[in-house]
Structures are given as structure tokens and as C-alpha cells.
Amino acid sequence: MASLLQDRLTTDQDLLLMQEGMLMRKVRSKSWKKLRYFRLQNDGMMVWHARQAGGSAKPSFSISDVDTIRNGHDSELLRSLAEELPLEQGFTIVFHGRGSNLDLVANSVEEAQIWMRGLQLLVDLVTNMDHQERLDQWLSDWFQRGDKNQDGKMTFQEVQRLLHLMNVEMDQEYAFSLFQEADTSQSGTLEGEEFVQFYKALTKRAEVQELFESFSADGQKLTLLEFLDFLREEQKERDCTSDLALELIDRYEPSDSGKLRHVLSMDGFLSYLCSKDGDIFNPACLPIYQDMTQPLNHYFICSSHNTYLVGDQLCGQSSVEGYIRALKRGCRCVEVDVWDGPNGEPIVYHGHTLTSRILFKDVVATVAQYAFQVTSDYPVILSLENHCSWEQQQTMARHLTEILGEQLLSTTLDGLLPNQLPSPEELRRKILVKGKKLTFEEDLEYEEEEPEPELEGEQESELVLESQFEPEPQEQNLQSKDKKKKSKLILCPALSSLVIYLKSVSFRSFTHSKEHYHFYEISSFSETKAKRLIKEAGNEFVQHNAWQLSRVYPSGLRTDSSNYNPQELWSAGCQMVAMNMQTAGLEMDICDGYFRQNGGCGYVLKPDFLRDAQSSFDPERPISPFKAQTLLIQVISGQQLPKADKTKEGSIVDPLVRVQIFGVRLDTARQETNYVDNNGFNPYWGQTLCFRVLVPELAMLRFVVMDYDWKSRNDFIGQYTLPCTCMQQGEPAPVTPDQYSNSGCLPNAVLLALPGYRHIHLLSKDGISLHPASIFVYICIREGLEEDES
């Protein structure tokens, strides 16, 4: 692919013009619009900018960071400047993660099209690269950074600087010996293939070489039968056939001669271990693999809180970009806080705060465009927080009906009163409204000339810190005055009639819900209230969520839009655990990791014991038939770890690995390895960590690599989080209690006889790949060991 990229750079007319550079207007806001000269670098992977042609340039962005390219008509910012700047000459570059978009306006429609076509071509080329092609490109990028004078050659001094950039602390004599071995031309510099050979010598992995040689008769290659032995004995691929092994050889062996002879070289073996087939995440869990025909209340649903915000909930910016990002992440329930706006148009913002405002109709149009564009065809839920007058509620109903059209579910599927919630499969490509509602009968009888009905509403507090949430006990004193001001909510029947299956009702008690509520009614809980209910009546909460939907939202005291741990609420069966998706961190890692499974469609089927209305499960006191598992993880080594602070050129990281379990309270635990001094390039730990897991169906496993700092808190380097049920693993090994040490963990000698070599490919705080950064582990699960008999 790297060669294909080079071919395109020399033949594609758009890319050739981009390499010459163009003057465009960079737009940050209505008041910040400045001319900049943008130029694609010769490697095709970086775009630089300067104030003028020939001026001092600096990097603007990397192609690998680009997610999508939008035309000017799809840019919220450029649309606001349509009277000043021609939309057809504008375009937006959207980056992975939570970074700001880049809005540009070219001098002509043709120039805008050149950049849009060229950027899309480059993004497609990068997206379709395989592991080896990405590694080649990564090496090319490092060569460009190390070749300070850009002469296409690297002296030993430049190599020494590059080693520091790459997180390598190496003896100078040893580094020079590797440099000389790679310098086959004896020119005193490294070029092209010589640098590749230097890198291979630098990254030689003794632990992988030893594993390879333990199955190779001659130490040079694995025959088909030898590779088959490895797959069956170490990876515990019991059903592995010669055909599958041959398919893997054809996929990962780099040499044509090796493929013809059906053998795997050391390079091919390493390529296999670093591939998706050697990844910790089970490939079988990546596509949609679950039953999608059960009622909605049987699924966990990826949900967003204050979706319109891209910052904090006091002064942050409201933007349709929040909805685009959430939907592209697989979110299937988005929140819309609607208030009366000027000129009869409802607006969306965080009420009684300084957050900016956006039009409700723009939000609806954005949802219509992006709901099913990228990740999922399964239904999207609009969670309405309605604060509008009768007139503007009618406007809301009109916008929903006209803009969403056939996408809007405006009647029950069969036109009759429902007897259970429909399934995600039945609701494909439908948008549902969640909100307050009259009864189905009243909706069916509604006529325009009828008097305006009144409905006792769950009027949210309008305090700045708790502007849309139910009051909690500790906040009741603050809100006593507000309670006196509450009045009945005047609900417009036109809007009420659009609420199908998801009628919002106040929660009073589990007994009250059983006696008075229906399966199509949904209650919302603040995180504080939900956590208290779990502790006080965990089993009742589980049973409640087996027949009725629940939505949980973050406390209004989280003014910085921080998040809670969603796993605590999932453990009680709460379906819609709403997250501030604009805020990165551990909690969003758990959410992203959990919904990575099942095609990333935003729906994950709950375990059977959370779907049973008579379930005896209590997340606070899990008991039989749930059997403990012992999870054994040997953290072996790390590869090409990035620096925690890229601005510190001379510093080298001291990495350690922290492994965390999140699940029911009794399962939550963490352990970590020792740190490795001054080596972020190929650190070796070889340490075994041991965990006991009572309810693996609800457990999340998180690997975090940190840069040890004895002076202050360790710095984050990368992470990877996944459900324990989605780990790729061999069959459980026959471990007996007498093999345990006094600490309850297996010694390394025993663990080395167990299955499961896996690579864990690290992600950034924003969930973006840090390729080729990874850690190499060895995993085994022992089932049914309920007591530590050490």
C-alpha cells in the first residue's frame, strides 16, 4: 500500500496540485477568518501550512488523523457564514476523536473539489492498509522525522536522536554496532531498506523468537504441521484444520516462496501474532452475532447525555456536531433539551446556563442525516426534555414529522395497542421519540378542536447545577422553593401522539411500578438514586429492568461533564446508561469497550439472568449458580509505546501495565506490573497477574499502560478495554488448586503451559489507534474454582 500511495502521489492530478500548495481561508469562528497556504507533503501523509507561499511552514494535520471530509453545506460554522463566504467553495476536515474540525474555504469551487477528492483518496488508502503496510508507513514517518536535513540519508548522529524520539534508551556502542550491520553500502549513512533492516534488528523480540524456535525443527521456519501444532497446543484452537492453518500462512507469510512451500517464516509468525487473528478481542464478537429479535428492554442501549454539548454543561458550546459524533460512535439514544426560542422556533441548550443555543429543527435534521449513515441500522431514540409552551410544542411536532418523514415511528407497528416492546430488528431504520405522553386512547381520540389537556408532569428542577434532573435527598433543601413553583405540564397532543412505546413516567417505588405502570413506560434515575436503589434493593431493580426500560443520567453536580462508571448500572440491568460522550476517560473507555462488540450497533443483549422478571440475581450479593472464574494474565512485553508527553524530546518513558476488572462490586479489582526503567520501545515485564471473577458475563477488562513518575501521578500512555466475554481464548486449562502459590496466583512455570498468546493494540484517550503500540500477553481462564485452596 505504501508503494500504491507513492504511485498515486506521482500520477493523481489532485494530489500533484495539493503538493504544489494552495491558498485557502481558514475559519475558526464568525470573527476569525485568515488566509493560510496549505501544502501536502511529498510523503502524502502530512499537510503543512504557512501564512503565505514560501513562508515558514509547520505541520497542520496528519492524513491518518482524518475521519471524514464534508462539503460546506454540511458545516455548521460555514452555514452560519453563508452570506459572507460561498458554501460551495468550503469544506470541513473532521478528525478522529474529540478534536475540533478544520473549516476551509478555497478560492474557487474547483480548488475545493481538488482538496476534497484528494483528501478522500488519501484517507481511503490509509484506511485500507494492512498491518505490514501500516508498519511500513509508520517507519517512513519516523525516517522523515529522523532525517533532519531531509537528504534521504541518516547519519549515526541522526539515528541517535531518532532513538530518543522513539522512546529507546540504548547503549551507544550497541546502537553503533546495529547501525554498522545495517549499513551494507558502507556509506556511513542509512538509506531506505538499510533503515528497515536497522529497525528489524532494533525490534528483534527474544520472547517471540524463543516461542517460534520451540515449534520449529530448524529454527528458520514453521512447516504447515508445526504451525498447526502451535495453533492447537498454545492457542487451543481445537477445531483448527490444515486448511485453516494454510489460510493463515497465505495471509501472513510475506514471501511468495514461503507461501508456495506452505511454511511460515519468523516475520510471518510475528505478523500473525500482531494481526486480528492474534488479537485479544475475539473476531467472532466483532460482527452482529447476537439475537436482535427480542424486546428492546432486553438490551443494553448505547446512550448519550446532553448530546448537544461539546464542552461542559455550564458554559460549553451547543452544537449539532455533538449529535454527529455520538451517532458515529454507535450511540442509539440521544438527548434533546428543548426550550422556547425566538421567532417561534424551539431551541436546544442546557437550560438556565451559559451554554450556547442551537435550533431544534437543525438537531432533528442532523439526526435524520446521520442516524443510520455509519454504524447501525437499529433504532435511534430521541430522549426529549420538553420545556416548551403549547405553541412551540406544536412546532416541535411539525419539525419531527416533516423532517424525519418515514424514519419517524408515529404509530405502533401493527396499529394496535401493544402487548410488548418491539425488537431492534423490527424497528430497523426507525427513530423513536421518548417523552411525556397522554394515554394511547387519548392520542387516538385527539382532534385539533379539543381543549388543551393537562398532565401532571415530572417537572425537572431549574437550578443551574441541577437544571434538568430529579432532586436527590441531599439537594432537597436547595430545591424546596422550586417545588412550590411547580405546576402542571401542559402537553400538546400533537407532540404526545409521536411518543410510541417510550412514555416517560415518574418513578416512585418498584411496587408502584408493578401495580400502575406498563411495559411501554420508562423511568429516569439520577446516578445517585440508581446507585442507592442497587444497594438497597438490587434484586428488585434487576426484576424491574427485566420488563421495563430505565434511563440513568449523570448527576447535575458534574458541572465539568464528567462521567460515572456505567458498569455499575449495567449490573442491575439498566438499559440506557447515559454518558457525557464529549468527555474522555476511564468511564468512556468502559462504554466504548463494551459496545465495540456486536457490530458496534449500539445494542447488546443482556445476560439471561438480567432478562428474567423472576430473576434472583442481586449485583450486591451474587450467589450460585454463578461460579467464580480465575483469570490469569501474564503481561510479557510491550512494543513501540508512544511518549506520554511528546514535547519532551529527550525523555524516555518508564512503562508499567495496570490491569483492571470492572463488574459487580465484588469483582472490581486492579493489579499492576513493576515499571521498566527507560524503555518505551520494547519493554519486558514477564509478570503474572491473577483475578477472581464471580460474574464474568458482567465483567470488563481494562489494560492501561502508564509512564511511572515517582514525583507525581503516573502519566497515561494508552489503554484497551473489552468485555471479558469477548476475549479470544483457548479452552480452559486443567489447573488444580495445589498449583497455586500462597498468593493465590499461578507461578510463571505453570502459566507457561496454558493457552492464549494475544496482542493488545493500544488506544489513545480518545479511543484512536496508537498503532503499532501494543502489549503482548498470555491469557488463561480457569472456571469453577470457587475457593482459594492455596
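A polar contact is a pair of N or O atoms within 3.5 Å; within protein, one atom must be able to donate a hydrogen and the other to accept it, and residues adjacent in sequence count only if both atoms are side-chain atoms. The model is predicted, so local features need pLDDT of at least 70 and side-chain atom pairs count only at pLDDT 80 or more, while totals for chains, interfaces and linings use all residues. Residues are numbered from 1 along each chain as its sequence is written, and side-chain values use heavy atoms, with hydrogens and water left out.

**Overview**

- The protein has 24 helices and 30 strands; helices (H or I, at least four residues) and strands (E, at least two) are DSSP runs, numbered from the N terminus.
- Of its 790 residues, 56% count as buried, where buried means under 20% relative accessible area, exposed over 50%, and partly exposed in between (1.4 Å probe, protein chains only).
- Among contacts with a separation of 6 or more, 69% are made by residues 24 or more positions apart; contact means heavy atoms within 4.5 Å.

**Threonine 127**

- Threonine 127 belongs to helix H4, which covers residues 109-127.
- A polar atom of the threonine 127 side chain lies 2.7 Å from the backbone oxygen of valine 123.
- Threonine 127 counts as exposed because its relative accessibility is 51%.
- The C-alpha atom of threonine 127 is separated by 9.6 Å from that of aspartate 67, although the two residues are 60 residues apart along the chain.

**Strand E10**

- All six of the six residues of strand E10 (residues 299-304) are buried, and the strand is therefore largely enclosed by the rest of the structure.
- Both faces are covered, with Tyr299, Ile301 and Ser303 buried on one side and Phe300, Cys302 and Ser304 buried on the other.
- E10 runs antiparallel to strand E22 (residues 603-605), to which three bridges join it; two strands pair if DSSP finds at least two bridges between them.
- In this pairing, phenylalanine 300 stands opposite valine 604.
- E10 runs parallel to strand E21 (residues 576-579), with four bridges between them, and serine 303 stands opposite alanine 578 there.

**Histidine 759**

- Histidine 759 is part of strand E29 (residues 757-763), and it counts as buried because its relative accessibility is 0%.
- Its side chain makes a polar contact of 3.1 Å with the side chain of arginine 205.
- Leaving aside neighbours within four places in sequence, the residues in contact with histidine 759 include Leu273, Asp279, Gln639 and Phe776.

**The second largest pocket**

- On a 1 Å grid over the protein atoms alone, a pocket is an open set of points with protein on both sides within 12 Å along at least five of seven lines, a cavity is a set of points where a 1.4 Å probe fits but cannot get out, and lining residues have an atom within 4 Å of a point.
- The second largest pocket holds about 810 Å³ of space; grid points are joined across faces, edges and corners, and a volume is the space filled by probe spheres set on the points.
- Its lining has 34 residues, and Glu76, Leu77, Asp103, Gln317 and Ser319 are the closest to its centre.
- Helix H3 supplies four residues, the largest share of this lining.
- The lining consists of nine nonpolar, 12 polar and 13 charged residues; Ala, Val, Leu, Ile, Met, Phe, Trp, Tyr, Cys and Pro count as nonpolar, Asp, Glu, Lys and Arg as charged, and the others, Gly among them, as polar.

**Cavities**

- Of the 15 residues lining the second largest cavity, Met588, Asp589, Asp592, Gln719 and Gly767 lie nearest its centre.
- Helix H23 gives the most to this lining, with four residues.

**Backbone features**

- Histidine 771 and proline 772 are joined by a cis peptide bond with an omega of about 5°, and proline 772 is located in strand E30 (residues 769-783).
- Histidine 352 is not a glycine, yet has a positive phi of about 60°; this residue counts as partly exposed because its relative accessibility is 36%.
- Asparagine 598, also not a glycine, has a positive phi of about 55° and is buried, with a relative accessible area of 0%.
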